[in-house]
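Visitor: Could you walk me through ring pairs and charged pairs in a protein model? I would like to learn how to read them.

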Amino acid sequence: MKIFITRPIPEIGVNMLRDKGYEVLINESAVDRPADKKELLNGIKGVDAVLSVLTDQIDGEVMDAGLPDLKIIANYAVGFDNIDLEAAKKRSIAVTNTPGVLTNTVAEHTFALMLAISHRIVEADKFVRAGLYNAWGPMLLLGSGLSGKSLGIVGLGRIGSRVAEHAVRGFGMKVFYSDIKQSSEFEKEFRTQYFENLDDMLGRCDYVSLHVPLLESTKHLINEERLKLMKTTAYLINTSRGPIVDERALAWALKERWIRGAAIDVFENEPKIEPGLLKLNNIILTPHIASATEETRDKMAELAAHNIIETLEGRVPPNLV
């Protein structure tokens with residue numbers, strides 16, 4: 001059995017595959033950049049499994065290059081919008097992801113962003129490094145608190161639920177949520193309030209955190225019209241997928257102070273970033289690192305490898321999309 005890994009991943013996953021006696025081919029040239037189409041087409045030939053990452057666009061053409069041997073595409077991510085699922089289904093190729101193992105880490109990063117933007121941590125750091133700190137001042141770099149404030153969760157999946165839990169139990173926040181389905185059990189446990197219509201929720205929130213998958217229906221879910229519905233004192237946090245937010249509209253909203261600030265880890269056209277956002281002080285930008293802890297990335301590698309092993313040994317993988 002041959003396995004193609006499109007970019008280097010933590011060794012723990014690679015060793016799991018090699019310990020099974022599989023031949024593992026790693027695209028070592030794509031250490032600090034995405035694999036290009038040519039590398040994908042060449043690497044997939046004659047292999048039984050592909051371990052892909054979210055920067056790989058796996059379409060029907062790429063899949064065809066792996067036939068008839070290709071049996072599984074194991075995505076090293078919780079999302080799978082980079083893979084053409086219909087094309088995979090037509091070719092009887094299994095597609096898996098790595099859910100669950102990154103829930104806590106992404107939730108933590110969400111709060112790191114929330115705290116950093118509201119307490120103006122990045123601005124304060126730059127202020128000190130620039131030699132501008134001369135004395136304590138009662139009006140110096142005033143920010144906003146989290147305790148007792150309202151948080152709107154858009155998408156109450158694993159990560160959104162964990163963020164809500166931290167908000168209620170850690171900061172005593174009032175949580176609202178909008179999702180395609182309501183959870184009365186969750187509402188009872190965490191004293192949350194459900195909004196079927198997102199528009200009705202946005203104007204009530206001091207913070208809005210996005211946790212929906214990228215679908216045709218969620219692209220530009222947060223647009224100019226919805227940014228105008230938010231409080232002028234509100235903050236927007238995005239650790240889901242970049243295209244959920246219309247970046248041009250967000251840049252304008254921040255410039256014109258329709259909202260107070262934003263903190264985002266994902267971008268609409270990664271790695272490109274809307275130029276208008278780079279000029280603003282009331283936004284924090286991190287390079288898609290919400291799951292970037294050693295522990296979590298190791299677990300993701302283990303889970304992706306396990307999905308491959310289960311498939312090649314004739315069993316149903318645990319994380320079949």
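Visitor: What should I keep in mind about the model?

Guide: This is a predicted model, where local features need pLDDT of at least 70 and side-chain atom pairs count only at pLDDT 80 or more, while totals for chains, interfaces and linings use all residues. Residues are numbered from 1 along each chain as its sequence is written, and side-chain values use heavy atoms, with hydrogens and water left out.

Visitor: Which residue forms a salt bridge with aspartate 125?

Guide: A salt bridge is a side-chain nitrogen of Lys or Arg within 4 Å of a carboxyl oxygen of Asp or Glu. Here the partner is arginine 129, with the closest N and O atoms 2.7 Å apart. Both residues lie in helix α6 (residues 121–129), four residues apart, about one turn of the helix. Helices (H or I, at least four residues) and strands (E, at least two) are DSSP runs, numbered from the N terminus. Arginine 129 is exposed, at 68% relative accessibility.

Visitor: Which parts of the chain does the salt bridge of lysine 71 and aspartate 48 link?

Guide: The closest N and O atoms of lysine 71 and aspartate 48 are 2.6 Å apart. Lysine 71 is in the loop between α3 (60–66) and β4 (72–76), and aspartate 48 in the loop between α2 (37–43) and β3 (49–53), 23 residues apart. Aspartate 48 is buried at 11%, whereas lysine 71 is partly exposed at 32%. The count comes to 18 salt bridges.

Visitor: How many aromatic pairs does a search of the whole structure find?

Guide: A pair of aromatic rings is described by the distance of the centres and the angle of the planes. Rings of Phe, Tyr and Trp (its six-membered ring) pair if their centres lie within 6.5 Å; planes under 30 degrees apart count as stacked, over 60 as edge-to-face and the rest as tilted. The search finds six. The planes of phenylalanine 176 and phenylalanine 195 stand at 90 degrees with centres 5.6 Å apart, so this pair is edge-to-face. Both residues are buried. By contrast, phenylalanine 186 and phenylalanine 190 form a tilted pair, 4.7 Å centre to centre with 40 degrees between the planes.

Definitions and conventions. Buried < 20%, exposed > 50% of the residue type's maximum accessible area, 1.4 Å probe, protein only.
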